[in-house]
Amino acid sequence: MERNVMLIATVLTALVVGGVVGAFVAPQPAPSADSVSPPSDGLVVSSTGQYCLGNTSEYDGWLYTTADERGYDVSFNVTVVHGTETSLNWSVDSMPNDEYVINLRTQSASPETSGSAEPDCTVGTTVVGTTKIPANYTTVRVAVDGRTIATVDRDGTLPELQEIETAVSTASETNTSSTYKPP
């Protein structure tokens with residue numbers, strides 16, 4: 001009798017442990033396409049504002065997507081070089097063919113946020129954000145002033161990472177040096 005109880009306990013323990021391990025190892029099912037609100041409802045962004053960058057090749061950014069039960073989480077980190085007279089705005093835009101674009105755009109800065117001192121460094125802003133997009137997406141891109149700097153194509157439910165190797169110059173800063181001296 002004692003041996004039967006021990007056998008039953010061992011079998012039950014094996015079933016519980018197997019279920020727990022299986023939950024972590026088993027591939028996740030693809031999320032349903034209509035389980036997520038449009039991206040504009042859930043974009044969360046943190047921005048540094050203008051600051052002196054130093055060596056722009058030392059900034060590593062990224063674009064990352066991962067599936068969950070309600071869609072895909074998209075996270076990004078981008079440092080953008082721009083002039084003291086400009087600031088950044090951002091949005092996530094839905095495009096034809098289930099493509100989503102994280103748009104970072106320069107705009108004229110208000111007098112309160114623009115720098116006005118002697119030039120002595122390269123100016124930029126680091127933007128870190130996250131949003132959720134529907135499961136039926138085909139591509140996610142990060143664009144700065146309309147120029148694509150990173151792209152991730154959906155590949156099942158596996159996480160995808162695209163590196164952005166340096167600080168990104170805006171179209172107006174490509175061949176010029178932006179300078180700023182903090183107040």
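The dialogue below covers confidence, a disulfide, salt bridges, a histidine and backbone angles in this predicted model.

Q: What is the mean pLDDT of the chain, and where is the pLDDT below 50?

A: Where pLDDT is low, the predicted coordinates should not be read in detail. In this chain the mean is 73, and 65% of the residues reach 70 or more. The pLDDT is below 50 over residues 3-38, a stretch with 25 contacts in the model beyond its near neighbours in sequence. Residues 174-183 also have a pLDDT below 50, and that stretch has 27 such contacts.

Q: How many disulfides does a search of the whole structure find, and which residues form a disulfide?

A: A disulfide is a covalent bond between the sulfur atoms of two cysteines. The search of the whole structure finds one. Its partners are C52 and C121, with sulfur atoms 2.0 Å apart. The pair links distant parts of the chain: C52 belongs to strand 2, C121 to the loop between strand 6 and strand 7, and 69 residues separate them. The angle about the S-S bond is -60 degrees, which makes the link left-handed.

Q: Which residue does R141 meet in a salt bridge, and where do the two lie?

A: R141 pairs with E99 at 2.6 Å, N to O. R141 is in strand 8 and E99 in strand 6, 42 residues apart. R141 has a relative accessible area of 18%, so R141 is buried. E99 is buried too, because its relative accessibility is 19%. As for shared partners, salt bridges join D68, D73 and K132 into one network.

Q: Where does H82 lie, and which side chains does it contact?

A: H82 sits in the loop between strand 4 and strand 5. H82 counts as buried because its relative accessibility is 0%. Its side chain makes a polar contact of 3.2 Å with the side chain of T86. Another polar contact, of 2.6 Å, joins the side chains of H82 and T125.

Q: What is the phi of N97 and of D98?

A: Most residues other than glycine have a negative phi. N97 is not a glycine, yet its phi is positive, at about 65 degrees. D98, also a residue other than glycine, has a positive phi near 60 degrees. N97 lies in the loop between strand 5 and strand 6, and D98 is found in that loop too. With a relative accessibility of 66%, N97 counts as exposed, whereas D98 is partly exposed at 34%.

Terms used:
Residues are numbered from 1 along each chain as its sequence is written. This is a predicted model: local features need pLDDT of at least 70, side-chain atom pairs count only at pLDDT 80 or more; totals for chains, interfaces and linings use all residues. Side-chain values use heavy atoms; hydrogens and water are left out. Helices (H or I, at least four residues) and strands (E, at least two) are DSSP runs, numbered from the N terminus. Buried means under 20% relative accessible area, exposed over 50%, partly exposed in between (1.4 Å probe, protein chains only). A polar contact is a pair of N or O atoms within 3.5 Å; within protein, one must be able to donate a hydrogen and the other to accept it, and residues adjacent in sequence count only if both atoms are side-chain atoms. pLDDT is the predictor's confidence in each residue, from 0 to 100. Contact means heavy atoms within 4.5 Å. A disulfide is a pair of cysteine sulfur atoms within 2.5 Å. A salt bridge is a side-chain nitrogen of Lys or Arg within 4 Å of a carboxyl oxygen of Asp or Glu.
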